[in-house]
Amino acid sequence: MLETLLLSFALLALLSIVFEEITHINKAKTTLLFGCLSWMCLFIGHTDNSQHYVHRLEENLLEIATLWLFLMSTMTFVAYLNAKNIIQMAVQRLLPKRARVKTLMFIVAVFSLVLSAICDNVTSILVSLALIQSLNVDVRVKARMAVLSIFAVNSGGVALITGDVTTLMIFLDGHVQMSHLFTLFIPATLSVLCLATIFSMSVSGEIEVTPIKADYQTVDLIIAAIFFCTIIATMVMNVFYAIPPVLTFLTGLSVMFLVGRFYRSAQEEKKILEYIREIEYDTLLFFLGILLLVGALKEIGTLDLVTQTYVQYDPQISNFFAGIASALLDNVPLTAALLKAQPVLSSSEWLGLTYAVGVGGSMLIIGSAPGIIAMSKMKELSFVRYMRYIPALAFAYAVGYLFTVYMANNLIPGI
């Protein structure tokens with residue numbers, strides 16, 4: 001009875017994610033509700049063993065808190081830089097005043113790829129879409145650029161823990177090393193350039209790029225430098241001293257607050273500390289609800305079925321189809337379920353899974369957050385129009401995944 005009830009909660013949560021655009025109910029609200037109800041039912045159904053579930057809940061909350069604090073730190077930095085148009089200004093400076101459309105296709109692809117490795121994928125796609133909308137190109141080319149940005153944003157995020165939450169989850173669970181994650185940028189770049197080549201084959205012409213004027217102060221550039229230094233320090237400190245990334249990023253965030261207070265008076269229009277309020281807390285609440293729900297399913301043994309299905313095939317094949325499944329389901333609950341199921345994989349197989357679940361969601365517009373955002377922000381891009389590009393997207397995904405497997409097995413030392 002209890003198992004059936006929890007599975008029903010999981011199914012309802014999944015349906016609320018898939019049909020969010022139809023119901024217009026934020027998935028953070030539904031997943032958080034079902035996640036909390038699942039644990040409450042566990043306590044009610046096992047009153048004789050409540051202390052065990054208190055301990056298990058505390059373990060789940062500790063994992064979630066680590067994820068939350070890291071994301072909160074990165075999102076605060078990005079919220080500030082976005083508000084000051086620092087990111088947009090940097091993009092415009094990279095663009096030529098006049099360029100061929102074919103060249104711009106590659107510039108948009110590379111920009112989205114690199115930005116998503118540094119920022120979260122929501123911010124990256126919003127900035128990329130703003131860039132695309134500012135270009136004077138026809139509807140067909142604009143739609144292609146948007147699809148390319150979605151794929152590039154999802155691809156870039158797999159190489160750094162600051163870029164994609166599924167990469168962060170797998171890293172925090174201890175299955176991949178940061179030095180190995182860096183190498184994923186190679187197949188990610190290869191697959192994005194492959195897709196950009198396909199999309200640029202039939203485009204032609206030149207356009208002029210109108211620069212965006214940004215009003216910024218010296219302190220804004222200093223905080224941007226602190227952000228990038230924090231990213232580098234996070235990687236270095238973890239690789240050489242095994243310092244958890246969350247600790248380094250919280251240190252960088254505290255430096256940002258102190259620098260802001262030194263340069264800005266208390267009477268300024270908005271204190272830097274208050275940029276924490278600009279964070280998209282619905283995203284964080286969604287992660288909280290999903291991880292609570294998946295943790296509850298593990299307690300009733302449901303995730304053992306996931307492991308059994310997963311291990312029936314070669315892990316590299318299972319990983320490839322896990323990426324495809326992430327296009328139908330949200331990749332966060334899929335990754336959380338696989339991590340809780342604890343399949344026995346080698347380091348190279350975990351690396352393949354990291355690429356697959358990070359990039360595979362690009363094959364459907366509803367398969368990732370950047371896709372859903374693009375569909376809501378651009379009238380040129382609809383679910384049906386996006387389906388036209390599935391063959392090209394699937395090909396680029398397969399190229400990237402196969403190169404990841406080859407590289408992990410043959411080119412990366414110590415894996």
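**Notebook: helix pairs, a core and one asparagine**

I started with helix 9 (residues 165–172) and helix 17 (residues 331–341), which pack at an angle of about 15 degrees with their axes 9 Å apart. Since angles under 35 degrees count as roughly parallel, helix 9 is roughly parallel to helix 17. For the record, axes are lines fitted to C-alpha atoms, for helices over the stretch in contact, and angles run from 0 to 180 degrees between N-to-C directions. Helices are DSSP runs (H or I, at least four residues), numbered from the N terminus.

A note on what I'm looking at: this is a predicted model, where local features need pLDDT of at least 70, side-chain atom pairs count only at pLDDT 80 or more, and totals for chains, interfaces and linings use all residues. Residues are numbered from 1 along each chain as its sequence is written, and side-chain values use heavy atoms, with hydrogens and water left out.

Which residues make the contact between helix 9 and helix 17? I found Val165, Thr166, Met169 and Ile170 on helix 9, and Asn331, Val332, Thr335, Ala336 and Leu339 on helix 17; contact means heavy atoms within 4.5 Å.

Next I checked how covered helix 17 is: eleven of its eleven residues are buried, that is, under 20% relative accessible area with a 1.4 Å probe, protein chains only. Lys340 is among them.

Then I moved to helix 6 (residues 101–118) and helix 8 (residues 139–156), whose axes come within 7 Å and cross at roughly 30 degrees. That makes helix 6 roughly parallel to helix 8. Their contact includes Leu104, Met105 and Val108 from helix 6 and Arg144, Met145 and Leu148 from helix 8.

Met145 turned up again when I looked up the largest nonpolar core: it has 141 residues, and Met145, Phe227 and Leu381 have the most contacts inside it. Such a core is a set of buried Ala, Val, Leu, Ile, Met, Phe, Trp, Tyr and Cys residues joined through side-chain atoms within 4.5 Å. What does leucine 381 touch? Leaving out residues up to four places away in sequence, I listed Ala143, Ala146, Val147, Ile150, Ile365, Ala374, Met375 and Tyr386.

Last, asparagine 121, in helix 7 (residues 121–133). Is asparagine 121 buried or exposed? Asparagine 121 counts as buried, at 16% relative accessibility. Again skipping residues up to four places away in sequence, asparagine 121 touches Val153, Asn154, Gly163, Asp164 and Pro370.

Note on methods. Helices (H or I, at least four residues) and strands (E, at least two) are DSSP runs, numbered from the N terminus. Angles under 35 degrees count as roughly parallel, over 145 as roughly antiparallel, 65 to 115 as roughly perpendicular and the rest as oblique. Buried means under 20% relative accessible area, exposed over 50%, partly exposed in between (1.4 Å probe, protein chains only).
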